[in-house]
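Notebook open, model loaded. I want to go through a few side chains and see what they sit against.

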Amino acid sequence: MSVLGQVERQSQNRPGIFWYYSGLRPFKDIDRKKYDRLIIDVTYNDWIGENGPFQNNWNSIGFSGSINKDIQLKSTERVSFGIGFGYAYLNHRTPRVFYLTSFDAVQAAFPSPNDSILSSFLTIHQFFIPLELRLRSIGWKHAKLILGARLGVQPRMNFSSYRKFEDEISYSEVKLREEYNWFYISSYARIGFRNWSLFFAYQPLTLFSDYESIDIHPIQMGISLSLF
């Protein structure tokens with residue numbers, strides 16, 4: 001086999017900008033195919049429950065990223081497992097205004113016609129451990145289906161708004177503390193080809209802890225890119 005053929009064969013096995021990256025140790029097997037080790041998701045953020053879905057503004061855009069270990073089965077190239085660590089930022093730009101009641105429950109309502117509100121946001125920061133079952137076809141131009149779950153924490157959540165008074169714009173923010181569930185679980189799926197895939201996620205647990213709070217469950221949909 002020519003040198004050109006060898007280089008082409010190696011590059012096809014490792015798609016992405018880190019085609020030849022092997023970490024701190026050299027490759028043990030040049031034919032070993034490793035995929036989906038650094039994944040970035042760009043998503044539209046919404047929720048289902050008492051309000052929604054698809055009632056948030058179109059620019060409710062968030063993102064997530066994770067570093068994963070691709071654990072392969074020796075008996076087949078079609079099935080592998082993934083585990084790693086990641087971060088997600090959920091940004092919801094919503095026509096509703098979130099507020100705390102006198103009993104520290106979280107509610108949301110449409111602003112009155114006299115309200116000078118320009119925009120309202122609910123933002124969530126998450127750290128998680130992804131656990132994945134990875135199914136893919138043979139070959140470097142492979143099709144793939146990834147089914148996974150995220151187990152994580154939500155250390156920060158707040159709602160904010162911009163209002164206009166005469167010629168000035170004011171900003172207000174409420175940082176939640178005990179009003180939401182700190183731990184969370186999310187189920188998700190990726191389906192696509194090679195480096196690109198569609199991404200869908202759903203949190204089955206309600207977002208807020210008080211039983212009198214609004215009952216909503218975040219969902220995300222978007223595009224995933226595997227860099228290597």
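Predicted model: local features only at pLDDT ≥ 70, side-chain atom pairs only at ≥ 80, totals over all residues.

I started at S60: a polar atom of its side chain lies 2.9 Å from the backbone oxygen of N57. Numbering runs from 1 along each chain as its sequence is written, and side-chain values use heavy atoms, without hydrogens or water.

Where is S60? I found S60 in the loop between β1 (38-49) and β2 (61-72); strands are DSSP E runs of at least two residues, numbered from the N terminus.

Is S60 buried or exposed? S60 counts as buried because its relative accessibility is 0% (buried is under 20%, exposed over 50%, partly exposed in between; 1.4 Å probe, protein chains only).

Next, rings. I looked up F63 and Y89, a tilted aromatic pair at 5.7 Å centre to centre and 40 degrees between planes (centres within 6.5 Å; under 30 degrees is stacked, over 60 edge-to-face, the rest tilted). F63 is in β2 and Y89 in β3, 26 residues apart. F63 is partly exposed at 42%, and Y89 is partly exposed at 21%.

I also noted that ring pairs link F63, F85, Y87, Y89 and F127 into a cluster.

Conventions. Helix = DSSP H or I, 4+ residues; strand = E, 2+ residues; numbered from the N terminus. Polar contact = N/O pair within 3.5 Å; in protein donor to acceptor, adjacent residues only side chain to side chain. Phe/Tyr/Trp six-rings, centres within 6.5 Å; stacked < 30°, edge-to-face > 60°.
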